[in-house]
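I opened the notebook to go through one chain. The plan was to look things up one at a time and write down what I found.

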Amino acid sequence: SFDVSSPPWNDIHVRRAVSMAADKRGMLNALFKGHGEVATSLVAPQQWGGVLPQGQVRKLYATFPKLPYNLTLAKAEMKKSSVPNGFSADLPYPNGVPVLGKMCLALAQTLEQLGIKLNVKEVTTDKWLNDLYAHQNLGIQVISFVPDYPDPINYPFVLLGDFRGSLITAAAIPF
């Protein structure tokens, strides 16, 4: 996820570049032996089970725009950005979920080709959660979550909304 209220993550070209430089399918195959699927939305298609038949959900999800894994296009997006020569950023991950660290390292390696230096840092799960929920200077984050209840609003509510209905400024790269 990105804190889209702060630079450089507030630049859509940076976010697109990062998304197109993320080899989501490669990470899925390498880290999860191909079990699972690359997300195209915050809400997994299975979450709609009680609302719409899966065939209709899959048909709808197939229409969602997708950014391909394409380093050439990612480099072109970076050239359009406010930081065409790159930048550096910290990317913490919780020590309790080492697979997230592996994903971060894979992403960092690819982003070097765009001039982006991700400083991947393992932190305690407590520190990671405290920093995440403090909602200050989030930059780029890696987050692992599962639904709390079988309703499609679960993920958007947890990730984007607070109890008063206002939005927390964030964007996600579906992995």
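Does H135 count as buried, partly exposed or exposed? I looked it up in this predicted model. H135 has 39% relative accessibility, so it counts as partly exposed. That value falls between the cut-offs of 20% and 50%.

Next I checked the backbone at H135. Its phi is near 55°, which is positive in a residue other than glycine. I placed H135 in the loop between α6 (125-134) and α7 (154-160).

I then turned to N137, also in the loop between α6 and α7. N137 is not a glycine, yet I read a positive phi of about 50°. N137 counts as exposed because its relative accessibility is 76%.

The bond from P7 to P8 is cis, with omega near -5°. P8 sits in the segment before α1 (12-21).

Then I noted the fold. I listed seven helices and two strands. From the N terminus the order is α-α-α-α-β-α-β-α-α.

Overall dimensions came next. The radius of gyration is 16 Å, which agrees with the value near 16 Å for a compact globule of 175 residues. The C-alpha trace spans about 45 × 35 × 35 Å along its principal axes.

Of the 175 residues, 34% count as buried. Among contacts with a separation of 6 or more, 69% join residues 24 or more positions apart. The chain exposes about 10,200 Å², and carbon and sulfur atoms supply 57% of that. I recorded 16 positive and 13 negative side chains, with the centres of the two sets 9 Å apart.

Methods. Residues numbered from 1 in each chain as written. Predicted model: local features only at pLDDT ≥ 70, side-chain atom pairs only at ≥ 80, totals over all residues. Heavy atoms only, no water. Helix = DSSP H or I, 4+ residues; strand = E, 2+ residues; numbered from the N terminus. Rg over C-alpha atoms; globule rule 2.2 N^0.38 Å. Buried < 20%, exposed > 50% of the residue type's maximum accessible area, 1.4 Å probe, protein only. Contact = heavy atoms within 4.5 Å. Areas by Shrake-Rupley, 256 points an atom, 1.4 Å probe, with all protein chains shown as cover. Lys, Arg positive; Asp, Glu negative; His and termini not counted. Charge placed at Lys NZ, Arg CZ, Asp CG, Glu CD.
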